[in-house]
Amino acid sequence: MGTRPGGRTGLGPTFRALLAATAVSNLGDGVRLAALPLLATTFTDSPLLIAGVTAAQFLPWPVFGPVGGVIVDRADRRRLILVTQAWRAVVMVGLAAAVITDTASIWMVFVVAFTITVGEILVDPSVVAIVPTLVRPHDLDRANGRVSTVEIVTNDVIGAPAGAALFIVAPWLPFVIDGLSYFGSIMPFRRMPSLSGSDRVSRRAGGGLLTEVSEGARWLWRHPMLRPWTLAVAVFNIGAAAAFSLIVELVLDVHAGSEVAFGVTLAVAAVAGALGSSSAARLVQRYGRRSVLLTATGLEALSLVALAGAPSLTTVVVVWSFGAAFSGVLLAIGRGFVQRYCPDELLGRAAIASRTITRSAFVVGAMVGGTVATGTGIRSAYLVAGAVQAAALVPMAMALRHDADGSPKGWADDRDQ
């Protein structure tokens with residue numbers, strides 16, 4: 001791939017542009033993610049329907065995800081990002097107009113949540129595929145940690161409370177801000193590299209659409225580390241989605257909090273998540289990836305169980321924040337595994353195959369959480385969520401036995417010989 005910009009002290013100006021674009025886009029995402037469930041509560045008080053908003057946000061992964069991976073590997077990733085950000089902006093402005101004219105409904109919320117995630121399927125894997133072209137292999141943990149930190153800070157620390165506050169001022173305002181953020185990210189994204197040489201080879205030599213869709217999944221499935229790792233993350237995400245999809249109900253209904261309290265809960269947790277994400281590389285250097293990942297997963301599961309018995313809103317904020325810190329560690333370290341092991345020409349398809357499986361788990365988790373909450377209560381749903389996350393420790397331990405610190409892509413090269 002040639003010499004990459006960046007080094008031990010700096011990751012290069014193009015990587016900084018990527019961080020800037022990520023910050024602007026995720027700021028709007030945070031505003032929307034806080035405002036959408038609040039908008040849903042104005043249409044219904046059903047835990048299942050409210051959890052359905054989370055399910056709708058992740059449903060595009062099993063429906064559209066595999067095809068999106070082929071698009072990412074075939075397309076000019078820079079152009080794909082720019083076009084996608086533009087039409088996502090139009091969708092959000094359209095939702096704002098519906099709220100202003102009083103024509104919005106819970107079903108429109110579902111449709112918008114679904115549509116925006118279709119764009120995420122195209123943008124996020126493109127960014128994942130671009131990062132290794134901007135930094136050296138030994139800088140991946142540091143680069144991914146910075147991307148994760150920026151996402152958490154702008155999405156949750158700033159965006160979430162802003163979204164809740166803006167919703168109180170005017171229910172349509174958060175969605176206008178989100179649309180503007182997509183437009184605002186276009187300028188720094190324009191500095192990203194265009195189609196890589198490996199992408200052109202893939203486009204010329206690739207087979208039909210179905211062949212390319214399955215190629216990344218087959219490669220992922222036969223990898224001794226990534227197969228159980230993907231299963232572990234999927235199980236973990238079922239518990240995470242069950243908890244996240246109901247946090248607005250836990251704050252507003254169970255503990256009689258306000259919309260501002262909901263935003264503050266997300267923001268405080270995001271600060272903890274950012275700290276966890278930014279410290280992940282240092283923790284790995286000191287304790288090793290296996291110990292850090294297993295410990296973070298176990299503690300996150302315990303935090304969800306603790307939320308089931310939280311006696312006050314203050315306790316909810318504190319415990320939710322501890323869980324977010326552990327999740328931040330897990331996210332920053334785990335997102336680099338596909339980058340480390342996957343050959344460049346398959347990176348988009350392998351990344352999308354992994355995300356399709358792990359993000360589809362959010363649909364299952366949200367529906368499980370909503371169903372349990374409807375039947376036995378919100379607190380019971382958090383007990384179930386914690387138990388599910390604890391179960392993820394088994395496949396995770398199996399995966400990490402195969403994690404090597406040597407040549408990141410040697411396994412794939414050896415298998416192909």
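A residue counts as buried here when its relative accessible area is under 20%. By that cut-off, buried residues make up 57% of the 417 residues in the chain. The model is a predicted one. The chain has 19 helices and zero strands. Take the contacts between residues at least 6 apart in sequence: 89% of them join residues at least 24 apart.

Start with helices H4 and H5. H4 covers residues 77-100, and H5 covers residues 106-134. Val91 is found in H4. Its relative accessibility is 22%, so Val91 counts as partly exposed. Where does Val91 make contact beyond the residues up to four places away in sequence? Val91 touches Val112, Thr115 and Ile116.

Met108 is partly exposed, at a relative accessible area of 27%. Setting aside neighbours within four places in sequence, Met108 is in contact with Leu95, Ala98 and Thr103. Met108 and Leu95 are 13 residues apart in sequence, and their C-alpha atoms are 8.0 Å apart in space.

The loop between H4 and H5 holds Asp102. Phi of Asp102 is near 60°, a positive value in a residue other than glycine. Asp102 has a relative accessibility of 70%, so this residue counts as exposed. Ala256 is another residue to check for its backbone. Phi of Ala256 is near 55°, again positive in a residue other than glycine. Ala256 is found in the loop between helix H11 (247-254) and H12. Ala256 is exposed, with a relative accessible area of 64%.

Now the aromatic rings. Ring centres within 6.5 Å make a pair, and planes over 60 degrees apart make that pair edge-to-face. By this rule the count comes to three aromatic pairs. Why is the pair of Trp107 and Phe110 edge-to-face? The ring centres of Trp107 and Phe110 are 5.3 Å apart and the planes stand at 75°, so the pair falls in that class. Both residues lie in helix H5, three residues apart, which is about one turn of the helix. Are the two partners buried or exposed? Trp107 is exposed, at 55% relative accessible area. Phe110 counts as buried, at 14%.

Trp229 and Phe337 form another edge-to-face pair, 4.8 Å centre to centre with 75° between the planes. Trp229 lies in helix H10 (residues 226-244) and Phe337 in helix H15 (residues 337-341), so this pair ties together parts that are 108 residues apart in sequence. Trp229 is buried, with a relative accessible area of 5%. Phe337 is buried too, with a value of 0%. A ring and a charged residue also meet in this model: Arg227 lies over the face of Trp221, at 5.3 Å from the ring centre.

Stay with H10 for one more residue. Asn237 is found in this helix. At 10% relative accessibility, Asn237 counts as buried. What is Asn237 in contact with, leaving aside its neighbours within four places in sequence? Thr358, Ala361 and Phe362 are its contacts.

Next comes a helix pair. Two packed helices are described by the angle between their axes and the distance between the axes. For helix H12 (residues 259-287) and helix H14 (residues 313-334), the axes come within 6 Å and cross at roughly 35°. This crossing of H12 and H14 is right-handed. The H12 side of the contact includes Ala261, Ala269, Ala272, Gly273, Gly276 and Ala280. The H14 side includes Trp320, Ser321, Ala324, Ala325, Gly328 and Ala332. By class, the contact of H12 with H14 has 16 nonpolar, six polar and no charged residues.

Finish at helix H18, which covers residues 393-400. Which of its residues are buried? They are Pro395, Met396, Ala397, Ala399 and Leu400. The buried residues of H18 pack against H10, helix H13 (289-308), H14, H15 and helix H17 (378-391).

Terms used:
Residues are numbered from 1 along each chain as its sequence is written. This is a predicted model: local features need pLDDT of at least 70, side-chain atom pairs count only at pLDDT 80 or more; totals for chains, interfaces and linings use all residues. Side-chain values use heavy atoms; hydrogens and water are left out. Rings of Phe, Tyr and Trp (its six-membered ring) pair if their centres lie within 6.5 Å; planes under 30 degrees apart count as stacked, over 60 as edge-to-face and the rest as tilted. Helices (H or I, at least four residues) and strands (E, at least two) are DSSP runs, numbered from the N terminus. Buried means under 20% relative accessible area, exposed over 50%, partly exposed in between (1.4 Å probe, protein chains only). A charge sits over a ring if NZ of Lys or CZ of Arg is within 6 Å of the ring centre and within 35 degrees of the ring normal. Axes are lines fitted to C-alpha atoms, for helices over the stretch in contact, and angles run from 0 to 180 degrees between N-to-C directions. A crossing is left-handed if the near helix is turned anticlockwise from the far one by less than a right angle, and right-handed if clockwise. Contact means heavy atoms within 4.5 Å. Ala, Val, Leu, Ile, Met, Phe, Trp, Tyr, Cys and Pro count as nonpolar, Asp, Glu, Lys and Arg as charged, and the others, Gly among them, as polar.
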